[in-house]
Amino acid sequence: QVQLEESGGGLVQAGGSLRLSCTSSGRPYSNYEMAWFRQAPGKERILVAAITLGAGSTYYADSVKGRFTISRDHAANTIWLQMNSLNSEDTALYFCSVRRDPTSDYAYWGQGTQVTVSS
């Protein structure tokens with residue numbers, strides 16, 4: 001069983017920054033990729049950024065490219081999401097997730113951390 005613990009959300013003014021963190025425990029040696037998703041009220045959950053724990057390959061949604069940076073500590077099974085130049089459209093509940101190999105779905109989820117950007 002995999003557990004994910006997120007932290008770092010909060011309230012920030014537009015143009016500000018936040019840093020989210022997520023640590024995986026419970027057989028973390030099997031993790032292939034970790035990612036951040038977000039879900040705004042009334043909208044679907046979307047993939048924001050992802051990183052492979054071994055090679056460190058990254059993916060970003062177009063809406064966050066150049067503003068968000070995902071990083072990882074493979075040994076600690078921890079990822080971070082540095083979010084800069086935040087705007088109101090970034091307001092959402094942010095979830096950390098894990099998948100065990102390139103062909104599997106994201107099957108494990110954290111409880112979510114709220115990010116609210118005030119204009």
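What percentage of the 119 residues in the protein chain is buried? Buried residues, defined by under 20% relative accessible area with a 1.4 Å probe and protein chains only, make up 44% of the chain. The structure is a predicted model, in which local features need pLDDT of at least 70 and side-chain atom pairs count only at pLDDT 80 or more, while totals for chains, interfaces and linings use all residues. Residues are numbered from 1 along each chain as its sequence is written, and side-chain values use heavy atoms, with hydrogens and water left out.

The protein chain holds 11 strands and zero helices, both assigned as DSSP runs numbered from the N terminus (strands: E, at least two residues; helices: H or I, at least four). Its C-alpha trace spans about 40 × 25 × 25 Å along the principal axes. Of the contacts (heavy atoms within 4.5 Å) between residues at least 6 apart in sequence, 52% join residues at least 24 apart.

A search of the whole structure finds one disulfide, the term denoting a pair of cysteine sulfur atoms within 2.5 Å. The bond joins cysteine 22 to cysteine 96, with an S to S distance of 2.0 Å. Cysteine 22 belongs to strand β3 (residues 18-25) and cysteine 96 to strand β9 (residues 92-99), so the pair ties together parts 74 residues apart in sequence. The link of cysteine 22 and cysteine 96 is left-handed, with -80° about the S-S bond. Cysteine 22 is buried at 0% relative accessibility, and cysteine 96 is also buried, with a relative accessible area of 0%.

How values were computed. Buried means under 20% relative accessible area, exposed over 50%, partly exposed in between (1.4 Å probe, protein chains only).
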